[in-house]
Amino acid sequence: MSFTFIQKFVTESTRFPYTSAFVLAFITVAVAAVRFRRLSKPTSFTMSSSSVNDPVQRNRIFSSKLYFDVPRSKVPIIYSESYDISFLGIEKLHPFDSSKWGRVCRFLVSFGVLDKKCIVEPLEASKDDLLVHVNTFCYMEWKMICELKVNFLTAHLSEEEKVPFLKNVATIIEVPPVGLFPNCLVQQKVLHPFRKQVGGTILSAKLAKERGWAINVGGGFHHCSAEKGGGFCAYADISLCIHFALVRLNISRVMIIDLDAHQGNGHETDFAYDSRVYILDMYNPGIYPLDYEARNYINQKVEVKSGTLTEDYLQKLDEALEVAGRSFDPELIVYNAGTDILDGDPLGRLKISPDGITLRDEKVFRFAREKNIPIVMLTSGGYMKSSARVIADSIVNLSKKCLIEDKQDS
Ligand SMILES: [Zn+2]
């Protein structure tokens, strides 16, 4: 635990005295307990990635409940109140706005463009859903945390061996003290929201196929691959969404347009040698994750350096879409629409204006519309307090430009 964290915690405690006192007491006890444990080397359970050609994996996809039928009275905007992360007030210490997803929907409802009753609520991705695309972390997480007391694997583990895995959860979501909380609390407060968002991303492809478009007001965990998580991404929702779509939607070509400020190394690693998936990634090459190997797997790489301005960015996007359109003929587009390209975002380090983000989204939706390709949009990174409003404004613009109108016949 860093000194700066404690310092910030003490400052914040004056605003949230009861919650913080409880959290501080808990952390003190937990730190003491952990300190007296002898940590042993974590047990390694390495699993290789399985292809969805594997009958077991295909069976998991076909028996999944995530692809349920959505009535025509609903609009293909997917959200659940469970998306938002709250952790006994501790989330307020984090620089991220971990309730941006709910704020996007509240803006849309207050602007009168969305009726709360028309929002599609997804199901939570289950263990079997997550194992469709074998993710070592998911596997560890389920085995080590959720089913800790009942799974045979844990019977072989000492208390000391479980601690590294709880710490792994904390590293991925970048809130270090979370690693010291009880398993059930981590599950309920952090991993459950993520799994709901995964369910939303997977469902969005089915809805996009039926209606022409779908927006999951969450998801876009593009740093997580089948093998590992990182950078606020605990589950590989983009890869899972594509695997489900390839098996269940009778399609064979998918384009990922990743315009989050960060390189999407998770899906790049997962689809490294898969010619069914074309990846256009526009990212800042000087920031996380600096995954040089995954960069080799990008079909069209557009690097935008720190400080890039709106006009330059949009011109590069025009050119990139032009090239993508000539190079590949997709049957589904997965658009990772991170807003961390926004001017002032401390992580993205680009200088794109809010209007620039609105224009960016419009260009991508127009690209899909002109080619009549179903498009899924995920909100991905961008957790400044202003991000939610920027996303909502952009969705309003898409609606005004008739780029997300409801298709009458499916
Ligand atoms: Zn990002």
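The paragraphs below describe a strand with its partners and then a helix.

This is a predicted model, in which local features need pLDDT of at least 70 and side-chain atom pairs count only at pLDDT 80 or more, while totals for chains, interfaces and linings use all residues. Residues are numbered from 1 along each chain as its sequence is written.

Strand S4 covers residues 277–283, where strands (E, at least two residues) and helices (H or I, at least four) are DSSP runs numbered from the N terminus. Seven of the seven residues of S4 are buried, that is, 20 or more other C-beta atoms, placed from the backbone, lie within 10 Å of their own. In a regular strand the side chains alternate between the two faces of the sheet. Accordingly, Val277, Ile279, Asp281 and Tyr283 point one way from S4, and Tyr278, Leu280 and Met282 point the other way.

S4 runs parallel to strand S3 (residues 254–258), to which five bridges join it; strands count as paired if DSSP finds at least two bridges between them. Methionine 255 has tyrosine 278 of S4 as its bridge partner. S4 also pairs in the parallel sense with strand S5 (residues 300–303) over four bridges, and there leucine 280 is partnered by glutamine 300.

Helix H14 (residues 354–371) has 18 residues, which at 1.5 Å a residue should span 26 Å, and its end C-alpha atoms are 26 Å apart, in agreement; the expected span is 1.5 Å times one less than the number of residues. Among the buried residues of H14 are Ile357, Val364 and Phe365. After H14 comes asparagine 372, whose phi is positive, near 60°.

Technical notes:
A residue is buried if 20 or more other C-beta atoms lie within 10 Å of its own, exposed if 12 or fewer, and partly exposed in between; C-beta atoms are placed from the backbone.
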